[in-house]
Amino acid sequence: MTPGEGQTLLSARALTKSFPGTKALDGVDFDLRAGEVHALLGENGAGKSTLIKCLTGAIRRDGGDIVLDGRSIDPRDTLHAQQLGIGTVYQEVNLLPNLTVAENLMLGRQPCRFGLVSRKAMNSQAREMLAQYGLSLDVTRNLDSYSVAIQQIVAIARAVSLSGSVLILDEPTASLDRDEVRMLFDVVRGLREKGLGIVFISHFLDQVFEISDRITVLRNGKLVGVRDVAALDRLQLVNLMLGRELAEETRHHGRTGIDYSTEPRLRFSGTGRRGAISPFDLAIQRGEVIGVAGLLGSGRTETVELMFGAAPMDSGTVSMDGKALRLASPRDAVAAGFGFSPEDRKTSGIIGDMGVRENIALALQARTGWMRPVSLRRQRELAQDYIRRLDIRTSDMEKPVGQLSGGNQQKVLLARWLATNPQFLILDEPTRGIDVGAHAEIIRMIEELCTGGMSLLVISSELDELVAYSHRVVVVRDRAHVAELMGEAITSESIVQAIATQHGATATGQAAS
Amino acid sequence: MNARLLPFFATVLIFILAYAVCYMQFPAMLSTRVAGNLLTDNAFLGIVAVGMTFVILSGGIDLSVGSVIAFSGVFIAVVLRDTGLHPLVVFVLLLAITTLFGAAMGLIIHVLQMPPFIVTLAGMFLARGMAYVLSVDSVPIAHPFYEWAQNAYWLMPGKGRLTLIGAMMLVVVLAGVVLAHRTRFGANVFALGGGVQTARLMGVPIARTTILIYALSGFLAGLSGIVFSFYTSAGYSLATVGVELDAIAAVVIGGTLLSGGSGFVAGTLVGVLIMGLIQTYITFDGTLSSWWTKIVIGALLLGFIMLQKLLVGLTGRRMRAPGAH
Amino acid sequence: MKGGAVRFLRRIAPQLVTLAVVLAMIGMVFPGFFEISMANGRLYGSPIDILNRGAPVALLAIGMTLVIATGGIDLSVGAVMAICGAVSAAAITAGYGLAATLALALGAGLACGLWNGLLVAVLGIQPIVATLILMVAGRGIAQLITEGTILTFSDEGLAFLGSGTLLGLPTPVVIWLAMGALIVLLVRRTALGMLIEAVGVNRRASMLAGVNARLLVVTVYMVSGLCAALAGIIVTADIRGADANNAGLFLELDAILAVVIGGNSLLGGRFSLVAALFGAVIIQAVNTGILVAGFPPEFNLVIKACIVLAILLVQSPALQGSRLLLRKGARLS
């Protein structure tokens, strides 16, 4: 029995969930209708993922009811939730890359004859299943021979065929390019027409407006409101999410006041790496903040990995203060006075099991070499100093960094590099996934540092943020630097335009120098 | 063509080339007689390597199998010596013990979430220790059934003998192929090797599959022990030291990824035969010493590990290209 | 500094208690066990014997601890022992002097370590797989050197390393204690220890912080190779012959066991060399205990299996949660 269009399919009443020290969900209600795409929004830590985990049984709720199709349910785990009718697709495709597409679709329910799997029947069933989504693939090939977008659709096909009434999409577009997002949204629309209820979680507000019918906003574990998308504009939505008039605080164009006539501190000439980023020129002045804008997968992270020696360049030269510089490894970069706080803090930034003190001292120690240890006293001084200056919230300096919150981990990383007193600091998405307070502090820090003469290069998906602190903004698209905006020419609109402009056409603002 | 088939084809190619080289030097090697001996001499290794293939496909490792084979031999010999039980009854008892033993290791790996390497290390100590406890000396086996089994063979054209134990290995390999590639259990084994967390989310019964995999490995190690006792007519607690390494080597040379998730049971058979061929060649040559076997196997291991590294690197790059990071 | 000493004691307390319990049990069965006598300028007695016989595993445990701390494992140490033992016996019988012989044997160990290290750090092969190659091929290489026989020698200088007396103690004891002290000083008085731990916890992040992870990983495998070479020389010197088949057989497993008994995580990260050395002594004490208690030596492996099981229970991440609760409960009460 499928409920008709517009009827409530899934409803949660007064959900609560506490973790030690925080109330992650505080009496939250949530309704999902059949045949709608319902966006779930909120800053990090607002309770989105806790809500999803409660609905899918990944964690047990402390209180409240969940009703699906008029029946009260209590999913034990994700598998049980799936059997009940709630399927989930995550950002990191949760299928097996080493199995074929057909095996992935049919795992656990392969057609069998005399106890043996009939591969022929399995493959043809898989083909039929994908045909409903307009996909015609060789299902006998391994899943990892297809793009992430295709993998995502295969994951959706599997989830829908298993559960069939509710589909939760958790950041499904984070690693897709424009065309792939369009393809995915076509699939989502098709499912909506079939009467599925779809929960859509995304950081990309454009996409939320494009695909959703209704929006539920959470903040600090509480329900802020439910709105029809038709009756909502961006500013209202951001205000709901942040609970304040953020727009007023931001400047509307970039900063000026850098003297470009002097010899730049750093000059990258024709540096590039095949398959990662086309050769680019970039000169960076003392005290300058360069913002890098571009969609995920555009080549922005590849740009900074190249600049830090983390990925070898196969063309171009680098010079510092007029002298040639060899950047073959991160060690060279660190020795030259570079610092790099990567996008993925957990896997590439923090040393989770080690304490705050050692994490802060690490880069300095790596630079002085193993023969000359940074004394314990000096390490303690550094840690104390930065815990105070950056307001790192930790019970003590020996606490493993993995146990701190995202914002504090980011501050520890910042402290690690500041301890080396760098000339040039690269920050890749420094404000992603951290709470509003820490966010503001990090932005203030960036401004302070460049005033002190440090050169910075900051990647961010938050355009307002880039506009606020950048002297120049480099726009990256299709693995190439396509535009450079300067000073007054930097506005959110001009950046968006540069990102969106078709290949070959000149962007508004200043073309790449 | 699927790149994952490449190691398998490489294995087959190496086997054919190696056989061709052997044939050119010693034309006598291309006979059903040598082929029959190859199967007979490597029967116990082939059987245990099939079990190891499943373990490695699932991303695990089983270090206990060499000790379990030794234990099996001693157990059979001691029970036959001290009781009037028929060997077939003893075999059933033994297989029950080794299967349960493997299942217990699987259970511990799953429940304690510890690396299979260290858990099966304990199993290795335990099985070898129990073999010692049963008997320190080599215990001969003399039973009419054994005489019958040792002389049971099918005369192939060319006077080669396909012995009972050689045939048993072929049957086990065949059963292994079907189990790995044509059953839900087999798909679950591959799924485990692809990623335990993901497999769990996709509804693969992790506990059951893990336990079954190690139980299967234990069962086949027991069966291999029976075959080995046919082969040697004795049970000796110091026998088959390091066979787990040979089995792992055969699996890898057979084209299975040591980190799990990709491979072929049939390849393992070829891997075993390549290793057997090296030994046969050395025997034919007469001047080469036996230690060259180990060195050549080491070199083959290195070659295959490099090849796999290369292939994984290639697919890995393709994965990353459209991806986010 | 006082806090450091307390932390250190707390870190090795489980090993100390375990050793005390093992020794106490032996002492109950065999009251004369702790008697130590002095004769001909050398200490004699069962405790000394434990330290002496434990030398190879203790040496291997030093290198293995560092390798495991980087998140690796070295399965080849037993085979490397055989190679280096064979090299030393072959060199001394070929008429090289003692110094040249030792240099050749230690050099062989370093070369083996370099090989493993390059496979792991430069080619990026999983450690268990990379060191498996040498584990399989190594005994073949050792047999190649000894030509399949037990290569005996009569050089007193080399034999001294296995059965001589130095500072009133058997030479092997002095060697492993000195090597242990040297490596402990090396990693803790420089920043090596911290950098190794950082690489073990998160290699990618460490590299991005400017740590030369590749060199560090190669270095720890070379240290492991060097320790294996020393162990191989001692074993060869002790029996005055190189046995390529049996020298160091299964000792890689004992060494890993010693490291794990020392409370070091197999996943890498934080490590304690001293605790690992206590682990090696505990293993030998158990071996000796079984002998003096009159149990057949066959029980040894069964007991080792039980030790591994006990460690599994202690280290299991699955039980970590419940243990945390227990600790919390204990603090509340």
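Four strands of chain A form an open sheet in the order 14-13-16-17, with antiparallel pairing. Strand 14 (277-284) and strand 17 (323-325) of chain A stand at the edges with a single partner strand each, so one side of each has no neighbour in the sheet. Averaged over this sheet and ignoring direction, neighbouring strands are turned by 25° against each other. Keep in mind as you look around that this is a predicted model.

**Strand pairing in chain A**

- Strands of a sheet pair through backbone hydrogen bonds, either parallel or antiparallel.
- A parallel pairing is found between strand 18 of chain A and strand 19 (residues 424-428) of chain A, over four bridges.
- Here a handy landmark is Phe340(A), which stands opposite Ile426(A) in strand 19 of chain A.
- Strand 18 (residues 338-341) of chain A sends Phe338(A) and Phe340(A) one way, while Gly339(A) and Ser341(A) point the other way.
- Both pairs of residues in strand 18 of chain A are buried.

**Helix 15 of chain A**

- Twelve of the 13 residues of helix 15 of chain A are buried, so the helix is mostly covered; the cut-off for buried is 20 or more other C-beta atoms within 10 Å.
- The buried residues of helix 15 of chain A include Trp417(A), Leu413(A) and Val412(A), and also Lys411(A) and Arg416(A).
- The length of helix 15 of chain A works out well: at 1.5 Å a residue its 13 residues should span 18 Å, and its end C-alpha atoms are 18 Å apart, which agrees.

- Most residues other than glycine have a negative phi, and most peptide bonds are trans.
- Glu171(A) is not a glycine, yet its phi is positive, at about 50°.
- You will find Glu171(A) in the loop between strand 9 (166-170) and helix 6 (178-193) of chain A.
- Glu171(A) has 17 C-beta neighbours inside 10 Å and therefore counts as partly exposed.
- Asn421(A) also has a positive phi, near 50°, in a residue other than glycine.
- The loop that holds Asn421(A) lies between helix 15 (406-418) and strand 19 of chain A.
- Asn421(A) is exposed because it has 10 other C-beta atoms within 10 Å.

**A helix pair in chain B**

- Two packed helices are described by the angle between their axes and the distance between the axes.
- The axes of helix 9 (residues 184-194) and helix 11 (residues 206-232) of chain B cross at roughly 100° and come within 10 Å.
- This makes helix 9 of chain B roughly perpendicular to helix 11 of chain B.
- Helix 9 of chain B makes the contact with Phe185(B), Asn188(B), Val189(B) and Leu192(B), and helix 11 of chain B with Thr209(B), Leu212(B) and Ile213(B).
- By type, the residues of this contact are five nonpolar, two polar and no charged.

- Val67(C) belongs to helix 3 (residues 55-69) of chain C.
- With 33 other C-beta atoms within 10 Å, Val67(C) is buried.
- Leaving aside neighbours within four places in sequence, the contacts of Val67(C) include Gly72(C), Ile73(C), Val220(C) and Tyr221(C).
- Val67(C) and Val173(C) are 106 residues apart along the chain, and their C-alpha atoms are separated by 23 Å.

**Where the chains meet**

- Chain B brings 37 residues into contact with 34 residues of chain C.
- On the side of chain B that touches chain C, helix 5 (87-112), helix 6 (116-134), helix 12 (243-253) and helix 14 (291-320) of chain B each supply at least two residues.
- That side of chain B is made up of 28 nonpolar, six polar and three charged residues.
- The contact of chain C with chain A takes 20 residues from chain C and 25 residues from chain A.
- On the side of chain C that touches chain A, helix 9 (192-201) and helix 10 (203-208) of chain C are the elements that give two or more residues.
- Helix 9 of chain C gives the largest share of that side, six residues.
- The side of chain C that touches chain A divides into eleven nonpolar, six polar and three charged residues.

Definitions and conventions. Residues are numbered from 1 along each chain as its sequence is written. Chains are lettered from A and ligands numbered from 1 in the order in which they are written. This is a predicted model: local features need pLDDT of at least 70, side-chain atom pairs count only at pLDDT 80 or more; totals for chains, interfaces and linings use all residues. Two strands pair if DSSP finds at least two bridges between them. Two residues are in contact if their C-beta atoms, placed from the backbone, lie within 7 Å. Ala, Val, Leu, Ile, Met, Phe, Trp, Tyr, Cys and Pro count as nonpolar, Asp, Glu, Lys and Arg as charged, and the others, Gly among them, as polar. Axes are lines fitted to C-alpha atoms, for helices over the stretch in contact, and angles run from 0 to 180 degrees between N-to-C directions. Angles under 35 degrees count as roughly parallel, over 145 as roughly antiparallel, 65 to 115 as roughly perpendicular and the rest as oblique. The expected span of a helix is 1.5 Å times one less than its number of residues.
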